[in-house]
Amino acid sequence: MIFWQLFLVYLKIGLFGFGGGYAMLTLIQADVVDKYKWISTQEFTDIVAISQMTPGPIGINSATYIGYTAVQNAGYSTELAILGSCLTTFAVCLPSFILVLLISYYYSRFKNNKYVEAAFLGLRPATVGLIAAAALMLMNRENFIDYKSILIFGAAFILTWKYKVHPILMIFIAGIAGLVLYW
């Protein structure tokens with residue numbers, strides 16, 4: 001039963017997750033944490049952090065980790081948890097794959113159509129809103145924000161924005177800062 005539910009949830013997330021992985025996070029939390037309670041808010045936050053640091057898109061990485069964790073939390077074996085991770089990864093990618101095939105076929109015909117242009121103009125601000133909602137969603141009790149967190153955030157923001165520090169180096173620096181400040 002959990003496998004079918006995971007497949008349907010991630011199929012829906014893949015279909016309506018406009019704006020990429022960060023925009024998908026609010027959809028994922030609404031179903032996986034709030035509705036079905038397959039994982040806790042703390043597990044979700046940890047999975048998001050791990051998904052950000054591992055190579056690949058955050059939506060696909062989080063689908064893989066959540067599929068595994070949800071099945072394992074339901075009491076199934078490691079082998080079935082691996083199947084759960086494969087299933088959620090496939091389900092979240094399937095709508096995009098089909099849409100890209102269809103869009104690539106028809107886009108050249110309709111790219112100058114005023115209705116198509118208007119639809120894309122409407123999707124842009126919605127995407128920014130979904131990404132902002134994902135950032136706000138991660139500000140919860142499990143992610144207690146103290147002065148040390150604000151200090152790391154401020155330093156990361158300035159180093160990335162003003163000094164153009166590479167994101168991988170920024171992750172490393174933030175990890176070291178976390179060790180120093182929280183140990």
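Author: Happy to; what follows is a set of questions and answers on this predicted model.

Reader: Let's begin with cysteines. How many disulfides does the structure hold?

Author: A disulfide here needs two cysteine sulfur atoms within 2.5 Å. The sulfur of Cys93 has its closest cysteine sulfur in Cys86, and at 11 Å that is too far for a bond. The number of disulfides in the structure is therefore zero.

Reader: Is Cys86 buried, partly exposed or exposed?

Author: Buried means under 20% relative accessible area and exposed means over 50%, with partly exposed in between. Cys86 has a relative accessibility of 47%, so this residue counts as partly exposed. Cys93, at 29%, also falls into that class: partly exposed.

Reader: Now to Gln29. Is this residue buried or exposed?

Author: Gln29 sits in helix 2, which spans residues 21–35. Beyond the residues up to four places away in sequence, Gln29 touches Asp34, Thr41, Phe44 and Met137. Its relative accessible area is 13%, and the limit for this class is under 20%, so Gln29 is buried.

Reader: Which element gives the largest share of the largest nonpolar core?

Author: That core has 27 residues, and those with the most contacts inside it include Leu25 and Phe44. Helix 1 (2–16), helix 2, helix 3 (41–53), helix 4 (58–73), helix 5 (78–110) and helix 6 (114–137) each give two or more residues to this core. The largest share, seven residues, comes from helix 1.

Reader: What does Leu25 contact, leaving aside its neighbours within four places in sequence?

Author: Leu25 is among the core residues with the most contacts inside the core. Leaving aside neighbours within four places in sequence, its partners are Phe44, Val48, Ile58, Ala134 and Met137.

Reader: I also care about pockets. How many charged residues are in the lining of the largest pocket?

Author: The largest pocket holds about 1600 Å³ of space. Its lining has 32 residues, with Gln52, Leu138, Ile152, Phe153 and Ala174 nearest the centre. Helix 2, helix 3, helix 6, helix 7 (147–161) and helix 8 (167–182) each give two or more residues to that lining. By class, there are 22 nonpolar and eight polar residues, and the number of charged ones is two.

Reader: And which element gives the largest share of the lining of the second largest pocket?

Author: This pocket has a volume of about 350 Å³. Among its 17 lining residues, Leu15, Phe18, Leu99, Ile103 and Leu123 are closest to the centre. The lining divides into 12 nonpolar, five polar and no charged residues. Its largest share, five residues, comes from helix 5.

Technical notes:
Residues are numbered from 1 along each chain as its sequence is written. This is a predicted model: local features need pLDDT of at least 70, side-chain atom pairs count only at pLDDT 80 or more; totals for chains, interfaces and linings use all residues. Side-chain values use heavy atoms; hydrogens and water are left out. Helices (H or I, at least four residues) and strands (E, at least two) are DSSP runs, numbered from the N terminus. Buried means under 20% relative accessible area, exposed over 50%, partly exposed in between (1.4 Å probe, protein chains only). Contact means heavy atoms within 4.5 Å. A nonpolar core is a set of buried Ala, Val, Leu, Ile, Met, Phe, Trp, Tyr and Cys residues joined through side-chain atoms within 4.5 Å. On a 1 Å grid over the protein atoms alone, a cavity is a set of points where a 1.4 Å probe fits but cannot get out, and a pocket is an open set with protein on both sides within 12 Å along at least five of seven lines; lining residues have an atom within 4 Å of a point. Grid points are joined across faces, edges and corners, and a volume is the space filled by probe spheres set on the points. Ala, Val, Leu, Ile, Met, Phe, Trp, Tyr, Cys and Pro count as nonpolar, Asp, Glu, Lys and Arg as charged, and the others, Gly among them, as polar.
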